Amino acid sequence: MSIKTIGQIKKGIKSIEKTRQFEKESLVHIEKFFRFSLNVKRSAKKRIETAPAFSGDCKEKIEKGEHLADFSKIKINDNFLLDKFHKICEIRAEINAKEMEEIQKMKKAIDNEKIDFSKIQQNLARGKIRYFDTLSKKIGVGKELLHSIALAVYKPIFELTVEEKKDLIEDYVWEKGSCPMCGTNPGMAKLEKEVGRRLLWCPLCSSEWVYRRMKCPFCENDEQKSLRFFYVDDDSFYRVDVCETCKGYVKTIDERKRGKEEKTIFEIEDIKTFYLDDIALKEGYKKI
Ligand SMILES: [Zn+2]
Ligand SMILES: [Zn+2]
């Protein structure tokens with residue numbers, strides 16, 4: 001599940017703080033960012049049309065292994081986008097004064113209609129990151145900044161879009177490692193309490209889907225000897241599942257080891273476990 005209330009954000013920030021990976025100032029920024037996402041999601045409800053993202057018979061598509069949504073088809077009010085792009089630019093400028101110059105360029109490009117929202121939406125939806133290279137050169141704004149601003153605006157919209165269809169994939173054992181809604185590779189995983197079903201999480205639309213325990217979601221390798229996992233602390237409920245064939249890794253939350261009845265919110269858990277990304281990368285594994 002994704003963030004739905006301010007209360008979840010506050011609780012999440014406290015738990016991020018406990019990991020001692022961030023300065024106070026960074027925590028304030030993370031909170032602002034989460035609040036922005038929630039605001040986009042809440043205010044988008046009446047300003048977007050999600051139905052065009054789903055064409056054809058969804059059940060049939062799932063059975064054929066085709067992903068269900070095409071986010072490039074969501075209809076979004078232009079003024080709404082304009083407002084949200086400006087807002088996230090203001091937040092970014094507050095966060096990092098060094099980015100101020102670039103942010104000004106970004107705002108200018110938005111106002112001068114040098115940024116085509118529909119193209120941004122289309123390329124984000126299809127995972128075509130190279131587009132941001134081209135646009136970056138055109139408007140003189142760094143690729144990473146551009147991509148993260150676009151993602152901040154569109155991710156909550158994509159999350160909202162899949163929410164009404166999530167029942168379709170809830171208990172379905174999807175044979176592919178990529179998201180059944182949008183085709184993105186998983187960002188994290190969890191092993192559920194009790195039976196320990198493995199669920200993968202999509203970092204683009206926040207869908208969660210059931211996937212086999214002993215299978216790599218990136219290369220679909222299911223040979224047990226090349227799949228393993230490691231813990232950093234023995235008593236931790238975080239572990240890293242790795243595949244020796246493709247060198248991919250997935251940070252995993254083992255809910256069976258978690259004492260409290262705490263619900264997993266992956267957006268928060270992902271930040272809490274940045275240190276695991278560092279370790280996995282140092283060990284020679286990669287984000288796929
Ligand atoms: Zn997805
Ligand atoms: Zn693999």
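Predicted model: local features only at pLDDT ≥ 70, side-chain atom pairs only at ≥ 80, totals over all residues.
Local features are reported at pLDDT of at least 70 and side-chain atom pairs at pLDDT 80 or more, while totals for chains, interfaces and linings use all residues; side-chain values rest on heavy atoms, without hydrogens and water. Residues are numbered from 1 along each chain as its sequence is written, with chains lettered from A and ligands numbered from 1 in the order in which they are written.

The zinc ion (ligand 1) is held by the SG atoms of Cys 179, Cys 182, Cys 202 and Cys 205, at 2.3 to 2.4 Å; donors are N, O and S atoms within 2.8 Å of the metal (3.2 Å for Na, K and Ca). Its donor angles of 103 to 123° make the site tetrahedral, a label for four donors with all angles between 85 and 135 degrees. Along the chain, the donors follow C-x2-C-x19-C-x2-C. Cys 182 sits in the loop between α8 (143-163) and β3 (188-191) and Cys 205 in the loop between β4 (198-201) and β5, so this pair links parts 23 residues apart in sequence; helices (H or I, at least four residues) and strands (E, at least two) are DSSP runs, numbered from the N terminus. Cys 182 is buried at 7% relative accessible area, and Cys 205 is buried at 1% (buried: under 20%; exposed: over 50%; partly exposed: in between; 1.4 Å probe, protein chains only).

Cys 219 belongs to the loop between β5 (208-211) and β6 (227-230) and Cys 243 to strand β7 (residues 238-243), so the pair joins parts 24 residues apart in sequence. Cys 219 is partly exposed at 32%, whereas Cys 243 is buried at 1%.

How values were computed. Tetrahedral: all angles 85-135°; square planar, octahedral: opposite > 155°, others 65-115°.
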